[in-house]
Amino acid sequence: MDRRSKMRVGMVGGGGPKSFFGAPHRRAILMDNTAELTAGALRSNPEDSLSDARELFFARGYPDWRSLVSSESALPEGERIDYLTIVTPNDAHFGPAEAALGTGIAVLSEKPLTTNLDEARQLQALVLSREVPFLVAHTYTGYPMVMLARELVMGGAIGEVRKVEAWYRQGWLSTRREADGNKQASWRADPAKAGASGCGGDIGTHAYIFIRFAAGLHAVRLLARMKSVVPGRPLDDDFTVLAELNNGAIATVSASQITTGAENDNGVRIIGTTGTLTWSHIRFDELEHCVGGQPVRIYRQGADTSYLPGSIRPYLRLPAGHPEGFHEALANLHRTLEWTIRRARGEPSPQPFAHPGIADGVAGMAFIEAAVQSARGGGWVDVPRGG
């Protein structure tokens, strides 16, 4: 008899009418009908938290994340949540993650992992000592074409990597929206909530993760330029890094929130000795593969996706020729965590893809810490351990 049940998922943050990422996570959790919204502490105000949990049909609502974790961890294993999703400003990632990990509850946390490297390493120590599954929500790694880029690089399709260009351009902070009461802009411009870097921590980490995830490399030293372009903004809204990678290759990481008109233009170009791969979020269902002296090859989620390797096919949901977009990519991360948990229990599930985990979250914080140090000092700096 198949005794599997739906994943019971908890959520911290993500409530309220001005929440940016709570709704996409809820849609992603429910997309495959294999999980349910079980426990929610969705707002910083206790009454609003309970009210939102009722309104969004969570089975159990809590006034805050502390009561959520303590109450859920006290329940029998067959009733408590299987994992916790953290959808809060950066400064509120560490507390609930640490508490959940301490009770053995798996975690999927928004990025960046924490506001500083020390806290990130504390979480990593807990994950390793308790052997608890942990994913970081670098959503763009859930796109099948980004997953394919990783498989092609790892399979030697472009030879040895010589250079990586990663970018993320936005324009929504081209004006000082935080001064007009915009909630999402306000906490991202506040060092107490966002950490030492605004643009770099928010979207520069997305660009850097492509170097780790798709190219399989990491920065060992870097030179950074961080600038606050909009007057009166205490944190950077433009972020540029030149990095040396662990194989001797060079990388550029460019992130901007003041690129007027940009449409979440996130992407990567991986340049090897025999070819180049290029992916852009603007054309998310395509992966370009260039080989010298040959026509450009375009992989598409088009009429036939049978060419995709078996590691990716279980992540496709729609018939060939239909686009799978942002919500599906985010759902793929939840799917990876679910399959990781199920396989650990001995339940039959596909092999989870290697989506970003705790080591990648620590590496993102090490990258940001080095960038901040370099920008302040004006020179090259080594990336701390874990970067």
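Colleague: Which element gives the largest share of the lining of the largest pocket?

Modeller: That is α7, with five residues. This is a predicted model, in which local features need pLDDT of at least 70, side-chain atom pairs count only at pLDDT 80 or more, and totals for chains, interfaces and linings use all residues. Residues are numbered from 1 along each chain as its sequence is written, and side-chain values use heavy atoms, with hydrogens and water left out.

Colleague: What counts as a pocket, and what as a cavity?

Modeller: Both are sets of points on a 1 Å grid over the protein atoms alone. In a cavity a 1.4 Å probe fits but cannot get out, while a pocket is an open set with protein on both sides within 12 Å along at least five of seven lines. Lining residues have an atom within 4 Å of a point.

Colleague: What volume does the largest pocket have?

Modeller: About 1,100 Å³. A volume here is the space filled by probe spheres set on the points, and grid points are joined across faces, edges and corners.

Colleague: Which residues lie nearest its centre?

Modeller: Val-87, Thr-88, Pro-89, Gln-184 and Trp-187, out of 44 lining residues. Two or more lining residues come from each of β1 (7-13), α3 (65-74), α7 and α9. Those labels are DSSP runs numbered from the N terminus: helices are H or I with at least four residues, strands are E with at least two.

Colleague: How does that lining divide by class?

Modeller: Into 18 nonpolar, 15 polar and eleven charged residues. Ala, Val, Leu, Ile, Met, Phe, Trp, Tyr, Cys and Pro count as nonpolar, Asp, Glu, Lys and Arg as charged, and the others, Gly among them, as polar.

Colleague: Now the cavities. How many are there of 30 Å³ or more?

Modeller: Three, from a search of the whole structure. The largest cavity holds about 60 Å³ of space.

Colleague: Which helices each supply at least two residues of its lining?

Modeller: α7 (183-188) and α9 (199-213). The lining residues include Ala-185, Arg-188, Cys-199 and Asp-202. By class, five are nonpolar, two polar and five charged.

Colleague: And which element gives the most to the lining of the second largest cavity?

Modeller: α10, with four residues. That cavity has about 50 Å³ of space, and His-334, Arg-335 and Glu-338 are among its lining residues.
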